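Subject: Structure for you to look at

Hello,

Here is the structure I promised to pass on. Please open it and keep it beside you as you read.

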Amino acid sequence: MDEEYDVIVLGTGLKECILSGLLSVDGLKVLHMDRNDYYGGDSTSLNLNQLWKRFRGEDKPPAHLGASRDYNVDMVPKFMMANGTLVRTLIHTDVTKYLSFKAVDGSYVFSKGKIYKVPATDMEALKSPLMGLFEKRRARNFFIYVQDYNEADPKTHQGLDLTRVTTRELIAKYGLSDDTVDFIGHALALHRDDRYLDEPALDTVKRMKLYAESLARFQGGSPYIYPLYGLGELPQGFARLSAVYGGTYMLNKPECKVEFDMEGKVCGVTSEGETAKCKKVVCDPSYLPNKVRKIGRVVRAIAIMSHPIPNTNESHSVQIILPQKQLGRRSDMYVFCCSYTHNVAPRGKFIAFVSAEAETDNPQSELKPGLDLLGPVDEIFYDVYDRYEPVNEPSLDNCFVSTSYDATTHFETTVTDVLSMYTMITGKTVDLSVDLSAASAAEEY
């Protein structure tokens, strides 16, 4: 271990593994360490025995739940946009060859006490029971504007500069109701709260286009895909990539202590009495607690069920977004469900998650609107964790700390953090203009 590395990465969460993969491909000498004896850090997947031990402290789950090894329960459950940044990153790095994906059956939104399939195109808008007849026409016109919009072609802009016009102003032009705006902003554009309404509309239009392109890519019921055997496969895929390009991995390394020189710059990492020298450190917040600040808490319920979520057309995998305004909250709530069809549970079993940013001192009770959608559950576990973001200046100390995982059940925010960290570390941007059809060989539909 007494060697010098360009970068030492601490923690094998998804963000850290993507970065170690990208940096290794760039030709940097990377050492990747984790205090745990398993991959994934906070974003690991647990079998049933591990799940039981973590939340119940006993090792013996009831036999009727099936074999422990048939469970892969994500601690940070998230789907991927089929045309999104994470899929582009997987193709760019060729990690797709280590993974198999399957489309997600359904994408739903909670409105006025019920759940509805999310309409994503002008044709779906006309059929959707979410809206009345006149509202459908107005929504259809707005969808056509978004579908036809091309940033490079002013003829499609209809005289609007979307870098200046706010989302609220753009939507007002089409006369859409608050409930319609709710599902567009939160279930299509995937904003986490309503701040986007007073920000330039270009971002929302791009997000809507991404949703529609992802939906069209597989002609399925949702724009999302998800790996067989759960998300624990992802960090391992990037770890393999790093190893192929010369990265060194060390798990089960206790007390990884980051060392600094006289100027406050990182100079190495010590574990078990040995120090590896380095120029830069990449890590999750738990490795450098004095360089982060708490920005909130996430509360999550994990339920094992014997049926799909009611009113989702018997979907074996589904996302339901509950927009903040529908619940009288400051941020959205997310329901995520997958099952044996994605090899994350035994046949006949479903895993459902309800996640939200905690807004009160009694976070479990906040999840009631989401839990009420699930129907009967066999077992339920609750997890609450703090979220952190870095407060250091990487240009001064060469420490690059990731932000904790949020409550969303999709990956777009996660990958945005990774790519901005990559640019800070290397001064380069990742070229993600890839041929998306290249992924098809690794996908199962």
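This is a predicted model: local features need pLDDT of at least 70, side-chain atom pairs count only at pLDDT 80 or more, and totals for chains, interfaces and linings use all residues. Residues are numbered from 1 along each chain as its sequence is written, and side-chain values use heavy atoms, with hydrogens and water left out.

**Strands around S13**

First, two terms. Helices (H or I, at least four residues) and strands (E, at least two) are DSSP runs, numbered from the N terminus. Two strands pair if DSSP finds at least two bridges between them.

Start with S13, residues 274–283. Strand S1 (residues 4–10) pairs with S13 in the parallel sense, over six bridges. Look for glutamate 4, which stands opposite lysine 277 in S13.

Strand S12 (residues 266–271) runs antiparallel to S13, and four bridges join them. Here valine 269 stands opposite alanine 276. S12 and S13 form a hairpin, with two residues between them. Glutamate 272 is in that turn and has a positive phi of about 50 degrees.

S13 also runs parallel to strand S19 (residues 399–401), with three bridges.

**Serine 402**

Where does serine 402 lie? Its place is in the loop between S19 and helix H14 (412–426). Serine 402 has a relative accessible area of 2%, so it is buried. The cut-offs are these: buried means under 20% relative accessible area, exposed means over 50%, and partly exposed is in between (1.4 Å probe, protein chains only).

Which residues does serine 402 contact, leaving aside its neighbours within four places in sequence? They are Lys15, Glu16, Cys283, Asp284, Pro285, Tyr388, Pro390, Asp417 and Met421. Contact means heavy atoms within 4.5 Å.

The side chains of serine 402 and glutamate 16 are also joined by a polar contact of 2.7 Å. A polar contact is a pair of N or O atoms within 3.5 Å; within protein, one must be able to donate a hydrogen and the other to accept it, and residues adjacent in sequence count only if both atoms are side-chain atoms.

For a sense of distance, take glycine 221. Serine 402 and glycine 221 are 181 residues apart in sequence and 33 Å apart in space, C-alpha to C-alpha.

**A three-strand sheet**

Next, an open sheet of three strands. Its order is S5-S9-S6, with antiparallel pairing. The edge strands are S5 (80–81) and S6 (101–103), and each pairs on one side only. S5 and S9 (residues 224–227) pair over two bridges. Methionine 81 stands opposite tyrosine 224 in S9.

**The loop between S14 and S15**

Serine 315 lies in the loop between strand S14 (292–305) and strand S15 (318–322). Asparagine 313 lies in the loop between S14 and S15 too.

Is each one buried or exposed? Serine 315 has 5% relative accessibility, so it counts as buried. Asparagine 313 has 68%, so it counts as exposed.

A polar atom of the side chain of serine 315 lies 2.5 Å from the backbone oxygen of threonine 312. Asparagine 313 has a positive phi of about 60 degrees, although it is not a glycine.

Aspartate 193 lies in the loop between helix H7 (178–188) and helix H8 (201–218). Its relative accessible area is 16%, so aspartate 193 is buried. Its side chain makes a polar contact with the side chain of arginine 195 (3.0 Å). Aspartate 193 also touches His186, Gln324, Arg330 and Ser331, not counting residues up to four places away in sequence.

Glutamate 255 is in the loop between strand S10 (248–250) and strand S11 (257–260). With a relative accessible area of 72%, glutamate 255 is exposed. Its phi is near 45 degrees, a positive value in a residue other than glycine.

Have a look, and send me your questions.

Best wishes
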